[in-house]
Amino acid sequence: MRVVMKEIEVSTTQRLELIDITRNIEKIVENSGISKGLVHVFVPHATAAIIANENEAGLLEDYINLIKEIFKPGGPWKHNRIDDNAHAHLAAGLIGASRSFPIVNGRLVRGTWQNIFLLELDGPRSRRKVVVTIIGE
Ligand code: ZN
């Protein structure tokens with residue numbers, strides 16, 4: 001079994017934003033030399049998350065609106081007394097900092113309508129890291 005780790009950096013331009021990182025992750029898998037295993041995609045941040053879904057403009061806006069509706073930026077959260085980003089911590093914690101995908105025949109397996117996104121919840125940030133760990137043979 002082998003383990004390959006890579007890190008990529010993404011910059012974001014909005015407070016809430018979805019950045020498609022599918023090609024970056026697929027390239028890392030293709031160059032890893034691992035043909036069968038798993039790829040784990042992780043953001044080492046308390047105010048960002050990883051999701052997999054369709055890259056369709058309307059749906060991306062729906063996600064942002066849903067997050068605003070549920071997690072209420074600027075809402076009466078206690079964390080907003082010290083740092084105006086409680087919504088970002090709450091959403092990141094519940095949505096999750098990572099997703100994993102199978103690797104078969106050297107390629108990342110995903111549905112046609114499953115792109116991989118970094119979800120920015122407290123941007124803009126010049127450097128968001130994504131840690132990619134590939135385990136397999
Ligand atoms: Zn905070």
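The model is predicted, so local features need pLDDT of at least 70 and side-chain atom pairs count only at pLDDT 80 or more, while totals for chains, interfaces and linings use all residues. Residues are numbered from 1 along each chain as its sequence is written, and side-chain values use heavy atoms, with hydrogens and water left out.

I21 also belongs to the largest nonpolar core, which has 23 residues; I21, I25, V39, V41, V130 and I134 have the most contacts inside it. Such a core is a set of buried Ala, Val, Leu, Ile, Met, Phe, Trp, Tyr and Cys residues joined through side-chain atoms within 4.5 Å. Buried means under 20% relative accessible area, exposed over 50%, and partly exposed in between (1.4 Å probe, protein chains only). Among the elements that give two or more residues to this core are β1 (2-10), α1 (22-32), β3 (36-42) and β8 (128-136). Helices (H or I, at least four residues) and strands (E, at least two) are DSSP runs, numbered from the N terminus. A second, separate core of 14 residues includes F71, A88, F117 and L121.

Now follow α1. Its buried residues are T22, I25, E26, I28, V29 and S32. They cover an arc of only 160° around the axis, so they lie on the same side of α1; the arc is that of the directions from the helix axis to the C-beta atoms. After α1 comes G33, with a positive phi near 80°.

Next, the sheet. 5 strands form an open sheet in the order β1-β8-β3-β5-β6, with antiparallel pairing; two strands pair if DSSP finds at least two bridges between them. β1 and β6 (107-108) stand at the edges with a single partner strand each, so one side of each has no neighbour in the sheet. β5 and β6 pair over 2 bridges, and V104 stands opposite R107 in β6.

Finally, look at the zinc ion. H79 (NE2), D83 (OD), N85 (OD1) and H89 (NE2) coordinate the zinc ion at 2.1 to 2.3 Å, and these donors follow the spacing H-x3-D-x1-N-x3-H along the chain. Donors are N, O and S atoms within 2.8 Å of the metal (3.2 Å for Na, K and Ca); water is not among the atoms, so sites may look incomplete. D83 counts as partly exposed because its relative accessibility is 33%, whereas N85, at 5%, counts as buried.
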